[in-house]
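Reader: I have a structure to look at and I'd like to learn how to read its packing. Please take me through it one feature at a time.

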Amino acid sequence: MNVAFNVARSSCRGALWKTLQSKPQILGNHLSVIQKEASLLKLKPAVYFSTSQNISAAAQAHDHSHSKLWTAERFLSAGLLGILPAAVAFPNPVLDYALALSLTVHVHWGIEAIAVDYARPSVVGAALSKAAVGAVYALSVFTLGGLFYFNYTDVGLGQAIRMLWKL
């Protein structure tokens, strides 16, 4: 029992116990507790998981918030609920291009999230991770160009969906 008490007394909690057990002194009309160990305030917890500290330090260094991107993704998803039926019901070039752009951006953000999650530099290496994200951007540019070309040279996305639906 005494051994456990001595170990506790020598640890940080033991120092805190000594501080709490100090006797109050009367200074004028006020009663205050004098802390015996000012170094107690300077103690820092031991570092067990340095990666979490590195991640938080990296996040602070970049100092950008992903909440704005998340909000933009949600607005685009909600906007697709209106653009898609409008483009099918009232086919015109403006809605066709808006549908092509919004679908491409929506799919791009989804595939980019998959590439970033599964092709992490710690798993596949930095070069392959950058190549995966680059491939996603190339696919998105190619898709957007193809949809714009289809809208410009053919019937447009809205009319194509209507024609496909008639089959």
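Author: Start with contact, which means heavy atoms within 4.5 Å. Helices (DSSP H or I, at least four residues) and strands (DSSP E, at least two) are numbered from the N terminus. This is a predicted model, where local features need pLDDT of at least 70, side-chain atom pairs count only at pLDDT 80 or more, and totals for chains, interfaces and linings use all residues. Residues are numbered from 1 along each chain as its sequence is written, and side-chain values use heavy atoms, with hydrogens and water left out.

Reader: How many helices and strands are there in the protein?

Author: You'll find 8 helices and 2 strands. From the N terminus, the order is α-α-β-β-α-α-α-α-α-α. Take the contacts between residues at least 6 apart in sequence: 54% of them join residues at least 24 apart.

Reader: What do I look for when two helices pack?

Author: Two packed helices are described by the angle between their axes and the distance between the axes. Axes are lines fitted to C-alpha atoms, for helices over the stretch in contact, and angles run from 0 to 180 degrees between N-to-C directions. Here, helix 4 (residues 67-89) packs on helix 5 (residues 93-118) at about 140 degrees, with the axes 9 Å apart. That angle makes helix 4 oblique to helix 5 (under 35 degrees is roughly parallel, over 145 roughly antiparallel, 65 to 115 roughly perpendicular, and the rest oblique).

Reader: Which residues in helix 4 and helix 5 meet?

Author: From helix 4 come L69, A72, E73, L76, S77, L80, I83, L84, A86 and A87, and they meet L95, A98, L99, S102, L103, V105, H106 and W109 of helix 5. By type, the residues of this contact are 14 nonpolar, 3 polar and 1 charged (Ala, Val, Leu, Ile, Met, Phe, Trp, Tyr, Cys and Pro count as nonpolar, Asp, Glu, Lys and Arg as charged, the others, Gly among them, as polar).

Reader: At what angle do helix 5 and helix 7 pack?

Author: At about 165 degrees, with their axes 9 Å apart. Helix 5 is therefore roughly antiparallel to helix 7. Their contact divides into 15 nonpolar, 5 polar and 2 charged residues.

Reader: Which residues of helix 5 are buried?

Author: Buried means under 20% relative accessible area, exposed over 50%, partly exposed in between (1.4 Å probe, protein chains only). In helix 5 the buried residues are D96, L99, A100, S102, T104, H108, E112 and A115. They pack against helix 4, helix 7 (126-153) and helix 8 (157-166). Take T104: its relative accessibility is 8%, so T104 counts as buried. Apart from neighbours within four places in sequence, T104 is in contact with S140, T143, L144 and L147. L69 in helix 4, by contrast, counts as partly exposed because its relative accessibility is 38%. Across the protein's 167 residues, 16% count as buried.
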